Amino acid sequence: MLSKTIQEALNAQIGLEAASSQAYLAMASWADIQPGLQGVSEFFYKQSDEERVHMLKLIKFVNERGGFGIVPHLGQPIITFQSIKRVFEEFLAHEIKVSESINDLVHMALQEKDYATHNFLQWYVSEQIEEERLARTLNEKLEMIGEDKSGLYLFDRDILNFRMQISGGSGGGRGGH
């Protein structure tokens, strides 16, 4: 059985995962209408789907533990961006925020001696390590490219491979959970 405090915190995380899904969907849509960014668009469509899976996994966990997983109301995410570099800066900032939230949940679960929740959250801890690493790597690559159009072309072409390289071939490790 979940404590009220843990349930509320998990529901807040559900909201954050849903907001992540929406933010990445907006990034995908923006990239979709930019010339030559089909790879980036596909990357963020996949990221959006994975965040939705994270949200569903949390909802099911809360419900299975006797709580009520609440489907969140979402505000409008940022829908336009000044540059591809700005998109990936937002991506990294968002993943850092999610990691901080997961860490807070882990701490709370330990304080309340809720070892089932603590154990459940370890999957999210591992995922966030991968996601932050991926976001940092992509930001570093964009920094190296600068304004070079041929570099951006190669970045866009290869972006889905970066997911595979970072996660050891599991496509981010996020889809099948």
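Where is the place of Gln128? Gln128 has its place in helix H4, where helices (H or I, at least four residues) are DSSP runs numbered from the N terminus, as strands (E, at least two) would be. The structure is a predicted model, in which local features need pLDDT of at least 70 and side-chain atom pairs count only at pLDDT 80 or more, while totals for chains, interfaces and linings use all residues. Residues are numbered from 1 along each chain as its sequence is written, and side-chain values use heavy atoms, with hydrogens and water left out.

**Around helix H4**

Gln128 counts as buried because its relative accessible area is 4%; buried means under 20% relative accessible area, exposed over 50%, and partly exposed in between, with a 1.4 Å probe and protein chains only. The side chain of Gln128 is joined to that of Ser99 by a polar contact of 3.1 Å. A polar contact is a pair of N or O atoms within 3.5 Å; within protein, one must be able to donate a hydrogen and the other to accept it, and residues adjacent in sequence count only if both atoms are side-chain atoms. Ser99 also has a polar contact of 2.5 Å with the side chain of Glu132, a residue that lies in helix H4. Glu132 is buried because its relative accessible area is 17%.

Gln128 can also be placed by its C-alpha distance to Asn103: the two are 25 residues apart along the chain, and their C-alpha atoms are separated by 9.8 Å.

**How the helices pack**

The axes of H3 and H4 come within 9 Å and cross at roughly 160°, so H3 is roughly antiparallel to H4. Axes are lines fitted to C-alpha atoms, for helices over the stretch in contact, and angles run from 0 to 180 degrees between N-to-C directions. Angles under 35 degrees count as roughly parallel, over 145 as roughly antiparallel, 65 to 115 as roughly perpendicular and the rest as oblique. The crossing of H3 and H4 is left-handed, a term for a near helix turned anticlockwise from the far one by less than a right angle, with clockwise being right-handed. In the contact of H3 with H4, the residues divide into 18 nonpolar, six polar and seven charged. Here Ala, Val, Leu, Ile, Met, Phe, Trp, Tyr, Cys and Pro count as nonpolar, Asp, Glu, Lys and Arg as charged, and the others, Gly among them, as polar.

Helix H1 (residues 4–32) also meets H3, their axes coming within 11 Å and crossing at roughly 170°, and these helices are therefore roughly antiparallel to each other. The contact of H1 with H3 is made up of 16 nonpolar, five polar and four charged residues. Asp104, whose place is in helix H3, is 95 residues from Ala9 in sequence but 9.0 Å from it in space, C-alpha to C-alpha. Asp104 is exposed because its relative accessible area is 52%.

**Salt bridges**

Side chains of opposite charge can pair when their charged atoms come close. A salt bridge is a side-chain nitrogen of Lys or Arg within 4 Å of a carboxyl oxygen of Asp or Glu, and by this rule the count comes to nine salt bridges.

| Asp114 | Arg65 | 3.3 Å |

The salt bridge of Asp114 with Arg65 links distant parts of the chain, with Asp114 in the loop between helix H3 (84–111) and helix H4 (115–145), and Arg65, 49 residues apart from it, in the loop between helix H2 (38–64) and H3. Both Asp114 and Arg65 are buried. By contrast, Glu132 and Arg136 both lie in helix H4, four residues apart, about one turn of the helix, and Arg136 counts as partly exposed because its relative accessibility is 37%. Asp158 is partly exposed as well, at 22% relative accessibility. Beyond these pairs, a network of salt bridges links Lys85, Arg86, Glu89, Glu90 and Glu143.

**Two loop residues**

Most residues other than glycine have a negative phi. Lys113, in the loop between H3 and H4, has a positive phi near 55°, and Lys113 is exposed because its relative accessible area is 61%. Glu147 is found in the loop between H4 and helix H5 (149–166) and is exposed, with a relative accessible area of 75%. The C-alpha atoms of Glu147 and Lys85 are separated by 9.8 Å, although the two residues are 62 residues apart along the chain.
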